[in-house]
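Open the model in your viewer and keep the selection tool at hand. The stops below go from strands to salt bridges to a pocket.

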Amino acid sequence: MTRPFRFGVNTLAIASGEEWRAKCRRAEAAGYDVLLVPDHLGMPAPFPALVAAAEATERPRVGTFVLNTGFWNPALLAREVATTDALTGGRLELGLGTGYVRAEHETAGLPWGKPGERVDHLSRTIEELDRLLGDPEHVPHAAQTPRPPLLIGGNGPRMMRLTARHADIAAFQGGRQAPGKPEGVLELASAEQLDATVARYAEAAAGRAEPAERNILVQRVVITNDRRAAAREFAAHDIGLDEEQLLDAPTLLFGTVRQIADQLRERRERYGFSYVTVLDAVLETFAPVIEELRGS
């Protein structure tokens with residue numbers, strides 16, 4: 001069954017409380033369904049930002065996109081999640097990932113570890129959150145039962161299996177570690193590479209009773225009458241994909257409003273991506289696409 005579209009906007013910076021509340025209200029008026037914040041050093045602390053977002057709006061849900069579980073102790077995280085869900089009236093969606101920027105862990109004085117160790121910690125965190133938040137005796141209580149919807153973001157085969165087991169929302173970032181670059185430096189995946197990642201996830205999730213919603217993080221939105229020129233300009237930055245590959249990359253949207261809407265419909269059919277997240281720099285730019293697709 002084809003899911004209807006949902007749209008999220010991920011905010012990377014907050015200048016002030018007044019500016020943040022105004023931005024959240026603009027996003028609500030533009031039709032966004034979820035207001036999101038990431039979890040990086042040098043960016044806003046996610047949970048207070050989400051409480052403020054919910055207080056400034058009425059309709060959108062709020063979510064972490066995504067928490068770096070290496071920063072978090074599971075018991076303390078359960079307290080934050082339950083409190084935030086209660087304060088937002090049950091509007092929280094909890095996004096979790098392993099983290100991918102080694103320098104942030106070093107700055108925070110936290111262990112980085114091998115990839116397998118980071119996935120182990122994420123797995124233990126999910127299990128503990130399920131146990132703690134699902135316990136009717138746990139205080140504070142989350143508003144949603146047994147816990148807020150869980151989004152998991154990642155790429156590798158083991159992450160796909162973990163996502164297939166636990167996630168209500170499977171998030172695909174469409175990026176990968178750039179070969180020969182420091183850990184945490186990503187490059188865009190091609191459509192064919194994302195085909196393979198989604199296929200691994202679909203195989204792992206084949207036995208699920210209830211299919212997960214699938215999310216894609218869009219890195220660039222350009223409204224233009226000349227898609228090819230936009231792709232050619234982007235390719236000049238030597239990002240690992242050529243012009244033709246960029247035109248087909250699921251993380252990029254180039255074209256008129258109608259062309260972009262058609263691209264998203266095609267990608268929903270091809271990959272199952274019905275939940276689309278954009279960055280706050282294109283909050284207004286992307287709004288006409290939401291209007292074009294509303295109800296689809």
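In this tour, buried means under 20% relative accessible area, exposed means over 50%, and partly exposed is in between (1.4 Å probe, protein chains only). This is a predicted model, in which local features need pLDDT of at least 70 and side-chain atom pairs count only at pLDDT 80 or more, while totals for chains, interfaces and linings use all residues. Residues are numbered from 1 along each chain as its sequence is written, and side-chain values use heavy atoms, with hydrogens and water left out.

**Strands**

Helices (H or I, at least four residues) and strands (E, at least two) are DSSP runs, numbered from the N terminus. Select strand S2, residues 34–37. Val 34 and Leu 36 on one side are buried, and so are Leu 35 and Val 37 on the other, which leaves both faces of S2 covered.

Val 9 has Leu 35 of S2 as its bridge partner. Between S1 and S2 the chain passes through helix H1 (residues 17–30), in a right-handed β-α-β crossover. Right-handed here means that, with the strands pointing away from the viewer, the path from the first strand over the helix to the second runs clockwise.

Next, select strand S3 (residues 61–64), which pairs with S2 in the parallel sense over four bridges. Thr 64 in S3 stands opposite Val 37. Helix H2 (residues 46–56) carries the chain from S2 to S3, and this β-α-β crossover is right-handed.

**Salt bridges**

Side chains of opposite charge can pair when their charged atoms come close. A salt bridge here is a side-chain nitrogen of Lys or Arg within 4 Å of a carboxyl oxygen of Asp or Glu. By this rule there are 21 salt bridges.

Select Arg 79 and Glu 80, whose side chains form a salt bridge at 3.9 Å, N to O. Arg 79 is partly exposed at 45% relative accessibility, and Glu 80 is partly exposed at 26%.

Move to helix H4 (residues 102–108), where Glu 106 and Arg 102 lie four residues apart, about one turn of the helix. Their side chains meet in a salt bridge of 3.2 Å, N to O. Glu 106 counts as exposed because its relative accessibility is 52%; Arg 102, at 37%, counts as partly exposed.

Which residue forms a salt bridge with Arg 258? The partner is Glu 292, with the closest N and O atoms 3.6 Å apart. This pair links distant parts of the chain, 34 residues apart: Arg 258 is in helix H10 and Glu 292 in helix H11 (residues 283–293). Arg 258 is exposed at 57% relative accessibility, and Glu 292 is partly exposed at 31%.

Finish at Met 1, Arg 3, Pro 211, Ala 212 and Arg 214, which lie nearest the centre of the second largest pocket among its 15 lining residues. On a 1 Å grid over the protein atoms alone, a pocket is an open set of points with protein on both sides within 12 Å along at least five of seven lines, and lining residues have an atom within 4 Å of a point. Helix H10 (residues 257–271) gives the most to this lining, with three residues.

Key: 1 Å grid on protein atoms, 1.4 Å probe; cavity = no way out; pocket = protein on both sides within 12 Å on 5 of 7 lines; lining within 4 Å. Pairing = 2+ DSSP bridges.
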